[in-house]
Amino acid sequence: METTKLPPSSPSSPTTSFSVPSAEKVDGFPRRSMRRARQRRSHSSSQFRYQSSQVELTPLPLLKDAPVAELHDLFCKKLQQCCVLFDFLDCVADLKGKEIKRAALNELVESVATSRGVLIEPLYPEAIKMISVNIFRTLPPSENPEFDPEEDEPTLEASWPHLQLVYEFFLRFLESPDFQPSMAKRYIDQKFVLQLLELFDSEDPREREYLKTILHRVYGKLLGLRAYIRKQINNIFLRFIYETEHFNGVAELLEILGSIINGFALPLKAEHKQFLVRVLIPLHTAKSLSIFHAQLAYCVVQFMEKDATVTEFIIRGLLKYWPKTCTQKEVMFLGEIEEILDVIEPSQFIRIQEPLFKQIAACISSPHFQVAERALYFWNNEYILSLIEENCQVILPLVFATLYRVSKEHWNQTIVSLIYNVLKTFMEMNSKLFDDLTASYKVEKQKELKRERERSELWRGLEEYEERRMQMLTEAARNQRNLQERSLASPRRQLFVQKLPPLPCKAAAPSF
Amino acid sequence: ASSRCGEDSHGKLYKNDTETQLYSLKMYSIIHIFYSSYHLWKYTIYDEDEVLLALAEQLGNFTMLVGGPEYVHCLLPPLESLATVEETVVRDKAVESLRKISQEHSPVDLEVHFEPLVKRLASGDWFTSRTSACGLFSVCYPRVSSTVKAEIRQHFRTLCSDDTPMVRRAAASKLGEFAKVLEPEYVKSDIISLFTALASDEQDSVRLLAVEACVSIATLLPQEDLETLVMPTLRQAAEDKSWRVRYMVADKFSELQKAVGSEITKNDLVPAFQNLLKDCEAEVRAAAANKVKEFCENLPEDNREQIIMTHILPCVKELVSDTNQHVKSALASVIMGLSTILGKDNTIEHLLPLFLAQLKDECPEVRLNIISNLDCVNEVIGIRQLSQSLLPAIVELAEDAKWRVRLAIIEYMPLLAGQLGVEFFDEKLNTLCMAWLIDHVYAIREAATCNLMKLVEKFGAEWAQNTIVPKVLGMANDPNYLHRMTTLFCINALSEACGQEITTKQMLPVVLKMSNDQVANVRFNVAKSLQKIGPVLDSNALQTEVKPVLEKLATDSDMDVKYFAQEAISGIQSLL
């Protein structure tokens, strides 16, 4: 499958694709000029396009003044009125119409939220249609192809004044005590949900916030859609991980999942375990992990709390994807490991302690002090400390050499003092083992030093040999030239052959 | 053993069957070792995607190592498992290797070993194996029996309506390729329905891949079927509600145009292209703008001019003042190409105003794209027409804050100079060329010296002597040592073009004088320059003037000066 052929499917790539030719020629300024373009217009909307012809809106009577008999009819008319879309990029266009729609939406929201008995069956299709027409749209290409959610301001949805009210209406509609899932499920179907999920890619955080709450309610009320929703979220994540690396709503979706996982029945279904192993754990590889790491870690811990047997999968998965060069991510991984260790069962801890503490030792010796510091903080956690103490015989030998070495070598004074504390803790835990390890460490160190000395001697020997050899060769060449010059006059003589000096005998067993 | 491909090299060695068997046995042991080490890789230490990627790639070249085509099928199991991993690059590589070794299977082996693997992948549980299967159908289809062919078609059909969008995307991206290996009757009966379904998929990421397939499918069908089988879908794609799909149509427009032929282009694609040029998303407009020249070039000749003038040009005019700079810059990179198509009169009347508007655009990229393509227009109307309007733009760009823009302008100087002639150049551009010599970016100074050389080649030594050389030599007394070095670099570049007389009489004294410079960098560049201009000087000058100076430099206190002086002495040795 040629996923590389997919670019236009990721909102960022078409933009990059046309900045490329110029970037080749005039590298350095497309980025800044992009930014400038962004500042000019940080609102975007592709909503308006679908409006074929503009309709003039006329204000309808207020809902609250309507006689009961006409209430539903009027409600319906207002819903239809709200299906008209307006151009918000042109902020002065049709101000009157915009105001009428805003007022109508406000009324609808209030009516659904406060009065009972409004939601009768014939209104469902109208309401869902109004919602669909307003919120479902192809999200516009990102204004900023290198959009970094942590650094840059998001592009906001221009039609938000209306859109917000539509979302608000939808939410109230779902939360209304009159809401009947059996009626709604005919209109809120799989296609509807799929479009709803696609909107999570919106760059506007306000929109994603609404979507999150709404999807949560839909999941809660429409049981028939649950499996489908989970599956589609899976697909979004898999595509995010392996194809596009771009999706704005990962954190929001994970937040919903957190509460979904919370409600999983025991024993866990194969589907859910698969989701953990094949989706949640690989999500840790994402470049933009920092944006959704808190939510992701929460989901992972939820899984563990549900079923302790998945612990080993999780830890081994994290170790497999442990960041090799990105220290910022390493700190996040360490944070997640601590969250996991906080709730780990001692029996599970024993199963993963070896690979885990090898990694922790590696982190302690990281030259980046934040990584080392984060790892050393584990020893401030009482529960973790008790686990370490129980398994001191295994763990101490794994980390001892690192602790000892780093305590002597680390450039950062805070790290050195933290390590002293850790060493002290270990000494108090098991002084016998500690002393043994100290002794063997010193022996090992001596051996290492000896090896090092031998190695450097060997190199020196080789260098001397090479130098002597070069001397001999130049001498030989000179002699040969002399010989040739002389041989013009005198009969040919045997060429002078210089013997090479012997190699230093130490070289017999080099230990590079 | 008769079908062994190692026959040429090994075949003669086997006198009887026993030897052949022995050989096979050896091969199998190699295969065994290979397998066990493979399992070691896969399941123990190196479960790293990078390693798996390398493995997937190498296995594609393993045919000879496992005993030739007869045994190539033993590479299938490891590749099969690599084709199911999650990491896309690994999977793609495994599929690539599988495609490669599929060609080395005999038709029998293909049915016995390869095709079952494709089927297994196609019906795998996890989406990864099914996506991989999509890439394998087209390589085995042409070489299997008709019953197996029917099965393969069925599998492909199933994957096109797979549950997961990832698989549908994979199928859609291979649709065109698969259509090419199918018998024509099946293209009509099978492919068209799949194509239509994928092109109206609920996910835009699938729909846009169908657009790509559209190109191959359209080329496979006879002209009379296109209208009914392909065009409805293509029309729909050009007006898709997702900009990504429209972008794809715009991006593939030239290919589509060639595939559907001139008649449909005239009736359908011209209005579609107009719409894309007016699309509400800048991305789509930019993609379409990029295709303007190609599209026009490929229009049927008989009424090309009329179509362009009445349909395309009005849209192009609007794009010139588009709100989005990327659209304008995409247009600027191709718009000059239209002049060759439209001819001199139309260019002057209709295009020239557009070029000039773009030359004055606020965005430097747009201006640069126009300047970079001047030669197209030059062929049609000659640059003089443009020069008056060009000049302000050039002067402005020559002082642009971005050095790469300045660099691009410098590179066009010799062309402009050639077109404009000496007088115009002296009057308007000479000062610019000299100003670049003292630019604060080295790359600009370097390009400026190179530019001077090309100018001298064009205008001749006499011109150089009167205009450039005095100014260049004047810089030798500049307080800034970088400028003094520029003098040397200019001399290096110019000496040959200026000839012996100017070099000996005017340049050499300056260089020699600079050997007393207090900055070591200048001194060793003097040494380098002397070596460089050596071939232009006569041996008398070398002997009496150059050599003594170099010998003096060879005793300099600075190590580098000494080194380059010695280099230069041995360099000019042969000239003496």
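A salt bridge here is a side-chain nitrogen of Lys or Arg within 4 Å of a carboxyl oxygen of Asp or Glu. The structure, a predicted model, holds 55 salt bridges over all chains. Local features need pLDDT of at least 70, side-chain atom pairs count only at pLDDT 80 or more, and totals for chains, interfaces and linings use all residues, while side-chain values use heavy atoms, without hydrogens and water. Residues are numbered from 1 along each chain as its sequence is written, with chains lettered from A and ligands numbered from 1 in the order in which they are written.

- A:Arg455 and A:Glu452 form a salt bridge at 3.1 Å, N to O.
- About one helical turn separates A:Arg455 and A:Glu452, because they are three residues apart in helix H21 (residues 431-487) of chain A; helices (H or I, at least four residues) are DSSP runs, numbered from the N terminus.
- A:Arg455 is partly exposed at 22% relative accessibility, and so is A:Glu452 at 39% (buried is under 20% relative accessible area, exposed over 50%, partly exposed in between; 1.4 Å probe, protein chains only).

**Salt bridge between helices of chain A**
- The side chains of A:Lys212 and A:Glu255 pair in a salt bridge of 3.0 Å, N to O.
- This pair links distant parts of the chain, 43 residues apart: A:Lys212 is in helix H9 and A:Glu255 in helix H11 (residues 250-262).
- A:Lys212 is buried at 12% relative accessibility, whereas A:Glu255 is partly exposed at 37%.

**Network around A:Glu207**
- A network of salt bridges links A:Arg137, A:Glu157 and A:Glu207.
- A:Glu207 lies in helix H9 (residues 205-221) of chain A and is buried, at 0% relative accessibility.

Note on methods
Helix = DSSP H or I, 4+ residues; strand = E, 2+ residues; numbered from the N terminus.
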